[in-house]
Amino acid sequence: MADDKTFHMTPDEFRKHGHAVVDWIADYYTRIESYPVLSQAKPGQVRASLPVDPPARGESFTAILGDIEKLILPGITHWQSPNFFAYFPSNASGPAILGDLLSSGLGVQGMLWATSPACTEVETHVLDWLVGMLDLPPKFLSTSTGGGVIQDTASSASLCGLLAARERATNFTSNNRGCDGKLVAYTSSQAHSSIEKSVKIAGLGLDNLRLIEVDENFAMRPEVLARQIEQDRRSGLLPCFVCASIGTTSSNAIDPVAEIGRICRDNNIWLHVDAAMSGTATLCPEFRHIHAGVDLADSYTFNPHKWMFTNFDCNCFYVADRGALITTLSILPEYLRNQATESGAVIDYRDWQIPLGRRFRALKLWFVIRHYGIEGLQHHVRRHVALAQQFAAWVKKDERFELAAPVPLNLVCFRHKGGDEVNQELMNRLNRSGDLYLTHTRLNDCFTLRLCVGQAHTETRHVERAWRRIQEEADKLTK
C-alpha cells in the first residue's frame, strides 16, 4: 500500500465539505416548515432504504450528503419546526450548533482537569454564571460548598442526586455493602418517569418508591408526604430522598417546594428539585416565584437543552454539598492519578457523574449565553409564555374545549369536551396532517392534549395556525 494513501479527509476537503454541511443546515432551517412535522415514515421504512452491506470502498462526500435528503429526512420528526408543540421544546440555535461543532473538532475528553483544563474551568464558570442568571441560592456556587456540573439529561442528574442521598443516609456505607431494603424515596404521582428508573438503578427498588398524591392542580400534597414519611419511619424504614418538581412533564404542575423542603429538613432527607424545562423561565424576574423554597434543596437540575437554545444534550445539575456527591461517585485507579488531582486544587468532573468520559458541552452553552445575552434569552422566554397564555385564552373562549390544568408558563393542557375518543381522533388527524405535532397525557384519568410553546422560531402566526387547525378538525369531528 502506498505510504501517501491515508483514507483520511484532508484539511482542504474538510473545509470544502464543512461549508457544504453548514450550507445544508442553513437551508434546512429556511425550508423546515415545508416538511410534515411528524415523520410519516412507516416502521422499517428507513432501514429498508439502506444498503444491506456496508461499502467496501469509501464513497464520495457528495453522495453521502445527498442521501441525507433522500434517505434520512423522510424518517425525521422535525423537532426544530416552529409547528412542533409536542412533548417539550428541544430548541437548537445557531450559536449552540457552532459551539458543538467546535467541541467536536477539538475532540476533548474532559474526564479530568488535567486532560483539558479549559473544558473543566469554562464549565465551572458558566455554571456559576447560571446561578446568578436564575437567582439560585449562593450555596450552589463553586466558590461555596456546592457547585454545578453539566450532565447529559435530568435523568442522570436525578440518579446522581439519589445516589448521594443514599450514601448520606447510610453514612456512605451502602456503596460497599449494598442496599438493605430499608431505604425509601418519595416523589409525586405526576413526577417524571426517570425517578422510577433511578430507584431501580440505585438498588432501592420500586417497592420502596412512594408516589405521593397530588392536589387539584396536580402538585404534590406536602401533608400526605409528611404522613408517609412518619409511617415509614414507624415501620423501621429509612427515608432518604424526595424529588420535588418545578413543572411536571404532564401538566407543568409546580410542587410546593418550600413546604416540602421544610419537611425534608426536619427529617434530614435529601431534597432534589427537578426543574427540567421550567427552570429556564427564571431567567425572567417575574417568573422566579416558581423557585420559592429552592434554598432548602440539596440538589437542583434544569435543562438548557429544552428551552434555552442549547442543543441536546446539556443538563445543569447543582449540589449544595459537593463533598457528598464526590465521596459517593469518586474512584481513582492508578492510571488516572496525576499531580493536579492530588494537589486538591482542581475539579475533576468524572467524580460528579456516572460515566468517566465527558465531552466539552460547556462550549455550546458558553456560546449561547454570550450570543443572546441575558436580555435576548429573557425576550424569547417572555414571548413563548405570552403565546401559550394567548392559546389558553382561545381555548377558554371556545365552548367545545376546556383547560385541563392551570397554565403557569408555556404548556397548555386542554381537551375537547366530547370525551377521550374525540380527543384521540382529533390529535391523530392533526398529527397525520403534518401541519403541527401534539402529544397527550392523562389527567384525572381523561385523555388530555398538550401544546407546548418553546421552539426557537415559533411565532404568533404558528400558534394562531395551530389553533385554527384544531378548530377545523374539531368541526369535522362533530358534524
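Predicted model: local features only at pLDDT ≥ 70, side-chain atom pairs only at ≥ 80, totals over all residues.
Which residues are exposed on the other side of α4?

**Entry 1: helix α4.** I looked up the extent of α4 and found that it runs over residues 94–106. I then compared its length with expectation: at 1.5 Å a residue, its 13 residues should span 18 Å, and the end C-alpha atoms are 18 Å apart, so the two agree.

Entry 2: I listed the buried residues of α4 as Pro95, Ala96, Gly99, Asp100 and Ser103. Their arc around the axis is only 135 degrees, which means that they lie on the same side of α4. I recalled that an α-helix has 3.6 residues a turn, so residues three or four places apart point the same way. On the other side of α4, I found Ser104 and Gly105 exposed, which settles my opening question. I also asked what covers the buried residues of α4, and noted that α14 is included in that cover. Just after α4, I recorded a positive phi of about 60 degrees at Gly107.

**Entry 3: the nonpolar cores.** I found 68 residues in the largest nonpolar core; among those with the most contacts inside it are Leu130, Phe140, Leu225, Leu271 and Leu365. Helix α14, residues 362–397, gives the most to this core, with eight residues. I noted a second, separate core of 26 residues, which includes Leu183, Leu209, Cys243 and Ala324.

**Entry 4: Leu271.** I set aside residues up to four places away in sequence and looked up what Leu271 touches; its contacts include Val242, Val257, Ile260, Cys264, Leu296 and Asp298.

Note on methods: Residues numbered from 1 in each chain as written. Heavy atoms only, no water. Core = buried A, V, L, I, M, F, W, Y, C linked by side-chain atoms within 4.5 Å. Buried < 20%, exposed > 50% of the residue type's maximum accessible area, 1.4 Å probe, protein only. Helix = DSSP H or I, 4+ residues; strand = E, 2+ residues; numbered from the N terminus. Contact = heavy atoms within 4.5 Å. Expected span 1.5 Å × (residues − 1). Arc of directions from axis to C-beta.
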